Amino acid sequence: MKPIPFNNHYIKLGDDFYVNTYPTPVAKPELISFNHDLSQQLGLCDTVVNSPEAVEIFAGNQIATGSEPLAMTYAGHQFGRFSPQLGDGRAILLGEIISPKGIRYDLQLKGSGRTYYSRGGDGRAALGPILREYLVSEAMAKLGVSTTRALAAVTTGEDIARMQLVSGAILTRVATSFVRVGTFQYFSARGDLESIKKLADHVIARNYPQISTANNVYIALLQAVVERQATLIAQWMQLGFIHGVMNTDNMSIAGETIDYGPCAFMDAYDHEQVFSSIDYGKRYAYSNQPSIGLWNLTRLAECLVPLFNQTNINTGVQIAETILHSYAKHYENNWLAGMRRKIGLLEQKEGDRELIEDLLDTMAMNQADFTLTFYYLSQLNLDDMSRDKTLHVLFSNPKALNPWLEKWRKRLHDETTLSDKERQKKMQTANPLYIPRNHQIEAAIRAAEDEGDFSVFHQLHQVLQNPYQPQKGKEAYALPPKPHEVVKKTFCGT
Ligand code: AMP
Ligand code: MG
């Protein structure tokens, strides 16, 4: 077996950016899951990650050849309050690899022991949150959303103290960058412009090479990050996904969904939905996500502005304001384009936004399941209404949907060049049947924690590999929770 072909760059930025840190070995690691497909995509399948001894690497008990483990430094606004010193308190970057397609990836352990940045924490992760992150991040990837990935998960054979003693676990996760908005804030808070520049140059070379020839690469960087985040958050909204902790330290500079904590997908549609047990002020509610995205990007802009125009700060501020203003347009365009796809519209017409909002309002008033509403909508015919009842039953007042369906059909008649079959096929690529529903994640966690049974986790993970395809015998995975199964709160498990 070949060694992992590490090719580490971040470490060259110098020790202001990290602290060299080895994982703390664990008692008795056992593999929960290894992601073969991802290892192939990363070009790692003929390396040690695919051997029996890999479990020791995923547990932090063995340091792979070429790995230069470190904990990254960062700061961040947590629920609006600035913490000048956070950093990887329970994560360790093992190193970087370059995939066969030439994309550079970070490999990181999460839950691998204390670091310089652990403060009062134990540096460990509980089994439940690791299973949740594995399931949700992999589901997001299959749904077509930009995200960090899960390469492997192991149990540690050690108990850790949370509300009670729980099993410890470690996730090996993969990102095109673990640099966060908060990484820039760390240096900005210290007035260290040179390090901000160094970090920005690193990010541009690695994640935004297409802007390297721009007149001012730092201006282009802000613009590019704004666009990626607008695109990302529009995707979350179209899937009913709630991140739960959109602190600036949990916002990736590469535009990937990162740091899955108390995240969840909505069942019944509710603009105000919050799951996180610690989000008392509903700061990160579903409908707040687009504006919180902008708030976070404004914090990034504050870090980068001194690099825009070094002779006149006001000019720099004006440039940043113009870029931040463009966020709303990018978000809106992405959201509208995606929602048009979800309801099967090919052309852009005046009134589309209202039509979409009307549907969402009707769903909210009738506690209709977000995912299934769009899924069943994508199976309706234009003139034959016999299938409408599959959609009706999702609404507390089934008749409430009829005026909307009438408008929708009229709107489609105004443009339709597609047959029912063609439109349905198109719509089904925008409307998944299977999402990682909270009650199913909970069931997977309960079986693993209480019975040591990982089969529920594996079965759910399997179904989520193909979110847009109906799967024989897997109908139950598409269903919303029964009243006694509803999960109202999620915990970040720190
Ligand atoms: P999060 O919002 O979960 O991404 O974490 C916020 C900060 O708390 C980060 O700096 C983490 O590294 C740190 N942290 C979270 N859990 C732990 C833990 N169990 N031990 C040490 N640090 C932690
Ligand atoms: Mg975090």
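Modeller: A word on terms first. A residue is called buried when its relative accessible area is under 20%, and exposed when that area is over 50%. The model is predicted.

Start with helix α13, residues 420–428. Its exposed residues Lys421 and Lys425 sit on the face turned away from the buried side. The buried residues of α13 are Arg423, Gln424 and Met427. Viewed down the axis of α13, these buried residues fall within an arc of 100 degrees, so they line one face of the helix. The general rule for such a pattern is simple. An α-helix has 3.6 residues a turn, so residues three or four places apart point the same way.

What do the buried residues of α13 pack against? They pack against α8, α10 (370–377) and α12 (402–413).

Follow α8 next. This helix spans residues 313–343 and holds both Tyr327 and Tyr331. The two tyrosines are four residues apart, about one turn of the helix. Tyr327 and Tyr331 form a stacked aromatic pair, with 6.5 Å centre to centre and 15 degrees between the planes. Both are buried.

Val305 lies in the loop between α7 and α8. Val305 has 9% relative accessibility, so it counts as buried. Leaving out residues up to four places away in sequence, Val305 touches Ile313, Gly316, Val317 and Ala320. Val305 and Val317 are twelve residues apart along the chain, yet their C-alpha atoms are separated by 6.2 Å.

Step back to aromatic pairs. The count comes to 17. One of them is Tyr269 with Tyr286, an edge-to-face pair at 5.9 Å centre to centre and 90 degrees between the planes. Both tyrosines lie in the loop between β12 (264–265) and α7 (289–304), so the pair ties together parts that are 17 residues apart in sequence. Tyr269 is buried at 5% relative accessibility. Tyr286 is buried too, with a relative accessible area of 4%.

Elsewhere, Tyr10, Phe17, Tyr18, Tyr186 and Phe187 form one aromatic cluster. Arg190 lies over the face of Tyr186, at 3.6 Å from the ring centre. Arg283 lies over the face of Trp295, at 4.7 Å from the ring centre.

Asp259 counts as buried at 11%.

Last, Thr147. This residue is in the loop between α3 (127–143) and β9 (149–161). Thr147 has 9% relative accessibility and counts as buried. The side chain of Thr147 makes a polar contact with the side chain of Tyr260, at 2.5 Å. Setting aside neighbours within four places in sequence, Thr147 is in contact with Ser137, Met140, Ala141, Glu256, Thr257 and Tyr260.

One face of α13 is lined by its buried residues. The face turned away from them carries Lys421 and Lys425.

Methods:
Residues are numbered from 1 along each chain as its sequence is written. Chains are lettered from A and ligands numbered from 1 in the order in which they are written. This is a predicted model: local features need pLDDT of at least 70, side-chain atom pairs count only at pLDDT 80 or more; totals for chains, interfaces and linings use all residues. Side-chain values use heavy atoms; hydrogens and water are left out. Rings of Phe, Tyr and Trp (its six-membered ring) pair if their centres lie within 6.5 Å; planes under 30 degrees apart count as stacked, over 60 as edge-to-face and the rest as tilted. Buried means under 20% relative accessible area, exposed over 50%, partly exposed in between (1.4 Å probe, protein chains only). A charge sits over a ring if NZ of Lys or CZ of Arg is within 6 Å of the ring centre and within 35 degrees of the ring normal. The arc is that of the directions from the helix axis to the C-beta atoms. Contact means heavy atoms within 4.5 Å. A polar contact is a pair of N or O atoms within 3.5 Å; within protein, one must be able to donate a hydrogen and the other to accept it, and residues adjacent in sequence count only if both atoms are side-chain atoms.
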